Amino acid sequence: MTIDYAAFTRASNIVHWLQGGALFALGAAEVYALENKGRKVLLAASLLLAVSGAAMFTAVLALPGGWSFSQLSAALQVRRGFYLFIAFACLYSAAGLSRFTAEALGRDRGGWQALFLALLGFTGVIYFIMASRVNEEAWRQVLIWHSAIGVTLLLGVAAKTLDIFLDRRRLRLAWAALLMVTGLQLVSYRESPEAFSPRLVSFESSPQVPPPAFKNAKPADKERPGN
């Protein structure tokens, strides 16, 4: 079974784009609903968040997995860090469905909303783990980008949580703005080719040492004539 390591990079870029698009759409829907008091746009954005999770898993299955679960299992054994993308797919789908349920029931401060924020907060924490799942050549870039993404998303969750208790327009605007900024960060991210490439270790062989000369060696006796 041949594993295409470039497929990991392509899948990562697609997953980041899907995450960014879904979060940006949700932030834009929050701004629209705040100004127009409409719930339909929030329902659509929440459903888009759930669908993006399914699309993430499809991208991982199609590229590293080659549409085969057995090949996907083998690819994940080679690059175990890619399990985080499976986790992202599950979290985004669950968060989207939770938010969709909360909006459908019209409960902005119920259990479904709390579950949505908890899932989104856990998603923000996972971004900090990404740097430890890539090759050493790319960990610094991954750490900087994903730490910024994680901080922005967690700040948004904090703003929305405070809004549940304080009911402030500024907090709702901050929540929406931080979602959109997180989305733009994710859409702008491009995975380094070295992040999931095979790691090659080279060894330098020492130069060949000539055999030692024997100083005390005696010359062979010449054959005497007549013998």
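Mentor: Start with helix 5 and helix 6, where helix 5 passes helix 6 in a left-handed crossing. Bear in mind that this is a predicted model.

Trainee: Which residues of helix 5 and helix 6 make the contact?

Mentor: Helix 5 brings Gln113, Leu117, Leu120, Gly121, Thr123, Gly124, Val125 and Tyr127. From helix 6 come His146, Ile149, Gly150, Leu153, Leu154, Val157, Lys160, Thr161 and Ile164. By type, the contact of helix 5 with helix 6 holds nine nonpolar, seven polar and one charged.

Trainee: What are the angle and the axis distance for helix 5 and helix 6?

Mentor: Helix 5, residues 111-127, packs on helix 6, residues 139-166, at about 160°, and the axes are 7 Å apart. With that angle, helix 5 is roughly antiparallel to helix 6, because angles over 145 degrees count that way.

Trainee: Tyr127 is on your list. Where does Tyr127 sit, and is it buried or exposed?

Mentor: Tyr127 belongs to helix 5. Its relative accessible area is 1%, so Tyr127 is buried.

Trainee: What is Tyr127 in contact with, sequence neighbours aside?

Mentor: Leaving out neighbours within four places in sequence, Tyr127 is in contact with Gln19, Phe88, Tyr92, His146, Ile149, Gly150, Leu153 and Leu186. For His146, the C-alpha atom is separated from that of Tyr127 by 5.3 Å, with the two residues 19 apart along the chain.

Trainee: Leu186 is in there. Which residues of helix 5 and helix 7 meet?

Mentor: Phe116, Leu117, Leu120 and Tyr127 of helix 5 meet Trp175, Leu179 and Leu186 of helix 7. That contact of helix 5 with helix 7 divides into seven nonpolar, no polar and no charged residues.

Trainee: How do the axes of helix 5 and helix 7 cross?

Mentor: They come within 14 Å and cross at roughly 40°. That makes helix 5 oblique to helix 7. The crossing of helix 5 past helix 7 is left-handed.

Trainee: Change of topic. What is the overall make-up of the chain?

Mentor: The protein chain has seven helices and zero strands. Read from the N terminus, the order is α-α-α-α-α-α-α. Of the 227 residues in the chain, 41% are buried. Counting contacts between residues at least 6 apart in sequence, 77% join residues at least 24 apart.

Trainee: Back to the pairs. How do helix 1 and helix 4 pack?

Mentor: Their angle is about 20° and their axes are 11 Å apart. Helix 1 and helix 4 are therefore roughly parallel. Their crossing is left-handed.

Trainee: And which residues meet there?

Mentor: On helix 1 they are Ser12, Val15, His16, Gln19, Leu23, Leu26 and Glu30. Facing them on helix 4 are Phe85, Phe88, Tyr92 and Arg99. The contact of helix 1 with helix 4 counts six nonpolar, three polar and two charged residues.

Trainee: What about helix 3? Which of its residues are buried?

Mentor: Leu72, Ala75 and Leu76 are the buried residues of helix 3, which spans residues 69-78. Viewed down the axis of helix 3, they fall within an arc of 100°, so they line one face.

Trainee: Why would spacing like that put residues on one side?

Mentor: An α-helix has 3.6 residues a turn, so residues three or four places apart point the same way.

Trainee: What covers the buried residues of helix 3?

Mentor: The cover includes helix 1 (5-36), helix 2 (40-62) and helix 4 (83-105).

Trainee: Now the loops. What is the phi of Trp67, and where is Trp67?

Mentor: Phi of Trp67 is near 60°, a positive value in a residue other than glycine. Trp67 lies in the loop between helix 2 and helix 3. Its relative accessibility is 60%, so Trp67 counts as exposed.

Trainee: And Asp167, what is its phi?

Mentor: Asp167 is not a glycine either, and its phi is positive at about 55°. Its place is the loop between helix 6 and helix 7 (169-188). At 45% relative accessibility, Asp167 counts as partly exposed.

Conventions:
Residues numbered from 1 in each chain as written. Predicted model: local features only at pLDDT ≥ 70, side-chain atom pairs only at ≥ 80, totals over all residues. Heavy atoms only, no water. Axes fitted to C-alpha atoms, helices over the stretch in contact; angles between N-to-C directions. Helix = DSSP H or I, 4+ residues; strand = E, 2+ residues; numbered from the N terminus. Parallel < 35°, antiparallel > 145°, perpendicular 65-115°, else oblique. Left-handed = near helix turned anticlockwise from the far one by under 90°. Contact = heavy atoms within 4.5 Å. Nonpolar A, V, L, I, M, F, W, Y, C, P; charged D, E, K, R; others polar. Buried < 20%, exposed > 50% of the residue type's maximum accessible area, 1.4 Å probe, protein only. Arc of directions from axis to C-beta.
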